[in-house]
Amino acid sequence: MEKIKTGVGHANGKIILIGEHSVVYRKPAIAFPLPSAYIEAEVTDSANEISIECDFYSGLLTDMPELLDSLKKTVEICLDRLDKKNSRFKLVINSAVPAERGMGSSAAVAVATVRAIYDYFQIPLTQNELLDIVAVSEKIAHGNPSGLDALMTSSDTPYYYIKGSVCEPLASKLNAVLIVGDTGKTGRTKEAVQTIADMLHSDKSQQIQMYIDRLGRLTDDVRQCLHADMPQTLGQKMTEAHYCLQQLGASSPELDKLVMTALTHQALGAKLTGGGRGGCMIALAETKQAAANIARALRNAGAVSTWLYEMGETL
Ligand code: MEV
């Protein structure tokens, strides 16, 4: 009997510690992979046409058809590059990364899919080729992506990143815990990015540019805090970044509520993470015990899920 051919691919969720939105304008950003939220894609032989199953998208597709379009494009580019256009297979994607919540779901879906297809055909895949393919599908999903989501969802280590010029593994001496809290509301990164682009062409452009520049400086301050093990100052910089992101229109009442809740439960700092306008926020705690207390407070205040991420030394 002929053996059934299978290919598998994985990807992580991601957390942007600081620099979302300003990273689109070539300011620095710092981000971490979130392996406790991951995606698995599996490709198996099929007698029929190519079929795609991704149940976690189903409730979103009426409003956001671009999610499925970008996934189909990912498959198409892979088959084009591999010269396997007439293939037949079934692609099944399972995800523990909630979609449209600032955790890199669309990039993670694309990364896992590309890895699974290359694995299915047993063709080696370089990191550059992977990022190249995912950049195209992310453009459909997000309009003007910085590339940070694709990098982080395909990586196992944190990065300091500037679009088009710097991609450095992060050097950190800080031991602390990040708490991720999900508002349960979807946030559309594409729209948030577009709103900021529009404001940059409006009579508010100077003010908007000022917040973008300030986020860039805050990211470099945070890099210093990580290097010099300064959790208190790091927390302050995160909260300041949330204020800047509010001014850029990237927050929401639910995000602001969870940020305030974290700050009143002894978080060292808190901010939204990712595209915003819904989705997730993060808070910083010095110990696991403090983090567990903050996570409980966030859930009591309406967070539908929380994750803990232990930041360890990366030097
Ligand atoms: C989305 O996770 C992060 C943004 O900065 C967009 C991007 O970097 O492409 C809002």
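The legends below describe close-up views of a predicted model.

Local features need pLDDT of at least 70, side-chain atom pairs count only at pLDDT 80 or more, and totals for chains, interfaces and linings use all residues. Residues are numbered from 1 along each chain as its sequence is written, and side-chain values use heavy atoms, with hydrogens and water left out.

**View 1. Domain 1 and domain 2.** The domain assignment gives domain 1 (6-166) and domain 2 (171-311); such bounds come from an automatic or database assignment. Their centres, taken over C-alpha atoms, are 23 Å apart. The contact (heavy atoms within 4.5 Å) takes 36 residues from domain 1 and 43 residues from domain 2.

**View 2. Area buried between the domains.** About 3200 Å² is buried between domain 1 and domain 2. Buried area is the accessible area (1.4 Å probe) that two parts lose on being put together, summed over both. Carbon and sulfur atoms give 67% of this area. In domain 1, Leu17, His21 and Arg101 lose the most area to domain 2. Together they give 22% of what that side buries.

View 3. The rule finds 3 salt bridges between domain 1 and domain 2. A salt bridge is a side-chain nitrogen of Lys or Arg within 4 Å of a carboxyl oxygen of Asp or Glu. Lys271 and Glu20 form a salt bridge, with the closest N and O atoms 2.9 Å apart.

**View 4. The domain 1 face.** On the side of domain 1 that touches domain 2, β1 (6-18), β2 (29-45) and α3 (127-142) each give two or more residues. Helices (H or I, at least four residues) and strands (E, at least two) are DSSP runs, numbered from the N terminus. The largest share, 8 residues, comes from β2.

View 5. The whole structure holds 14 salt bridges. One pairs Asp213 with Lys27, the closest N and O atoms being 3.4 Å apart. Asp213 sits in helix α6 (residues 205-227), and Lys27 in the loop between β1 and β2. The two residues are 186 residues apart in the chain.
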